[in-house]
Amino acid sequence: MQTIKTKLLQRIDSNNFNVGLRAFSAIFVGYLLAATATGLLALALPLPPAESTLTATMLSFSVYACAGIWAFSVSNQWRALIDPLCLSGVFYLLILAIG
Amino acid sequence: MKDSFFRSMTWLHTWVGLLVCWVLLLVFFAGTLSYYRYEMTLWSKPELHKNVFQQYDSTKVASELDKAQRYLAEHAADARDWRVYFPTDRKPYVSYAWQTQPEEGQRRGKFVEHIAPLTGDQLITDVRESKGGHFFYRLHFDLHYLPAKISRWIVGFCTMFMLVALISGIVIHKRIFKDFFSFRRGKGSRSWLDAHNVSSVLALPYHLMITYTGLVTLMMMYMPWGVMTAFDGDAKSFRQQLSPSRVQVKPVGIDAQLVSLNTLLPQVKQIWTDEPIKQVVINNPGDQNSKINFYRDTQEAVTDRRTAITFNGVTGELTSRGIDPDSGAQNTYDVLIALHTGRFAEHWLRALFFISGILGCAMITTGTLLWAVKIRQKQQKQIKQGAKASFGLRLVEGLNLTFITGLPLATAAFFYANRLLPTDIANRAQWEVNCFFIALAAMGVLAFFNRSKSAWRFALALGGASLCAIPVLNALTSNSNLIDNINLQQWPLVGFDLMCVFMGAALFFARKKLINKTAVRPKKAAAVRSPKEGFNHASTATKEGA
């Protein structure tokens, strides 16, 4: 007889959940990371604002792609979600601090 | 995710590839064709196939401009803007165009273009309504039947998947240099893998470039957060800082005489010396706030910036010399976009870009065929015992047949529609496009019912035949056939005819490869049940669809 808790834990440990969590992280949290990184670079780069914005935006897709790759290569599935989320948070706080 | 980084990346490469490969094939196919969109558009207008093509002649500019101004003043007095196009390498004719004032609720008016023939005074005003090659250009990022914004997000999403597929593909390709020279024929999925590796690696810099620059081209839509943060969302001020010379001028409503365009040519020549003028655009002609813009043909310069020499339309005063601010970031942005559009490419480089695009299509095609063959091999045992192929396998095989054979067929259908649809039907240009999608959908219907090798052979034969017959279609529906075009040296038209024949031949060649050799001797194969024969049967059966 399985309790609700055991069933939930089984679902979380399943491969489908693993893939789903990483995909969510890669697609949505990856975008969040790229967006916050872009905003931060646009403010932080030592160039005139129009140029730093251009540079930051052009670089954003590399950040996004790396986040996607990372989400599927890190060993713990929860790290795939939490780490980029926290990093985005740090970037956002820095944006608030600078701009 | 899996035991090792390598295995995780292999898994990732397969799935990011598979989930979006058919959309990507459409995008790559349409994008590759777009390298020749002007040539396709020329072919799609048979009214222009005689007595129109000419080269740029700097001595004729003044007289042409004068003729144009008089014509436009007579025929387009209250238009929103006037345009005079001079011959370029890819648009080899002179034309006068204008945009009518928008009607109620419309954002733009109608665009009208009249082409000046080489000899004679009567302008060509009745060119059939057709999108020509520009259909394929728009198709590869705006798709069709969907609002542009949604399409661009879909394409952007798929492109990010493509970027991750490329990176993961490179990372998992351990023996990238050794494998480059291996091609194992007749070994089912292994052969497809070799083909996939070759087509990917041979044009790898191109694939990375075109994917990344594709994202950069629409980056302001995908990643507005830089502007949001650094400019507080004021996109206008951002654009203003990037190109201060671009000023939108609205009409005042007060009539004023437009200055004679010829009088401005000496100043233009002084700034640009001998560079050819591509077009002259007059905003708000006849109004006090009119502006005259001269654009040059940037030819082989790797730039997409269209900076104009601008004059006040009434006084003829020079207001902008057409010089853009020059910063590292801006130049990089400009070059990245220019690399994607490839406008700077002349004939040989353009051909190389086109071939690279075809290799990109081959990369996607071999990838998805590899997957289908592999899955069929896996399920072969169950299928032999009577089970049905899984839904996933049927879906992949169906989509493969639909898109791989459907896209060339649909392209042929588009050009047949261009020549065969009556010229006076309503929405003619849209109906040509509809024919493209009807052909694609028809292939989808066939694939739904039959995914066997014979269906593939039929589809490839149909596509091959319709493409090979394009020069015949041209000869029957245009006043200038292939031989005439060679004699008149109208190379864009010659190239199009020959390219279609070449593509058709390629489809026939592919079809030939699908003809099963053992099927020629059915009696012997059935009668002899030796172990050797049985083994052969198994290996050919894996290549056979059900």
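**Cysteines, helices, salt bridges and the chain interface**

B:C435 is partly exposed, with a relative accessible area of 22%. Here, buried means under 20% relative accessible area, exposed means over 50%, and partly exposed lies in between (1.4 Å probe, protein chains only). The model is predicted, so local features need pLDDT of at least 70 and side-chain atom pairs count only at pLDDT 80 or more, while totals for chains, interfaces and linings use all residues. Residues are numbered from 1 along each chain as its sequence is written, chains are lettered from A and ligands numbered from 1 in the order in which they are written, and side-chain values use heavy atoms, with hydrogens and water left out.

A disulfide is a covalent bond between the sulfur atoms of two cysteines. The cut-off used is a pair of cysteine sulfur atoms within 2.5 Å. Over all chains, the structure holds 0 disulfides. For B:C435, the closest cysteine sulfur belongs to B:C500 and lies 16 Å away, too far for a bond. A:C66 is exposed, at 51% relative accessible area.

Helix α14 of chain B covers residues 347-384, 38 residues in total. Helices (H or I, at least four residues) and strands (E, at least two) are DSSP runs, numbered from the N terminus. The expected span of a helix is 1.5 Å times one less than its number of residues. After α14(B) comes B:G386, which has a positive phi near 110°.

Side chains of opposite charge can pair when their charged atoms come close. A salt bridge is counted when a side-chain nitrogen of Lys or Arg is within 4 Å of a carboxyl oxygen of Asp or Glu. The structure holds 14 salt bridges over all chains. One of them joins A:R79 to A:D83, with the closest N and O atoms 2.9 Å apart. Both residues lie in helix α4 (residues 77-98) of chain A, 4 residues apart, about one turn of the helix. An α-helix has 3.6 residues a turn, so residues three or four places apart point the same way. A:R79 is partly exposed at 42%, and A:D83 is partly exposed at 28%.

In chain B, B:E275 and B:R296 meet in a salt bridge with an N to O distance of 3.1 Å. This pair links distant parts of the chain, 21 residues apart: B:E275 sits in the loop between α12 (265-272) and β4 (277-283), and B:R296 in strand β5 (residues 291-296). B:E275 is partly exposed at 32%, as is B:R296 at 28%. B:D3 pairs with B:R7, the closest N and O atoms being 3.8 Å apart. B:D3 is exposed, at 73%. A network of salt bridges links B:R138, B:D142 and B:R152.

Between the chains, 30 residues of chain A are in contact (heavy atoms within 4.5 Å) with 37 residues of chain B. Together the chains bury about 2800 Å², 81% of it on carbon and sulfur atoms. In chain A, A:L54, A:M58 and A:F61 lose the most area to chain B, together 25% of what that side buries. Buried area is the accessible area (1.4 Å probe) that two parts lose on being put together, summed over both. The count of salt bridges between chain A and chain B is 0.
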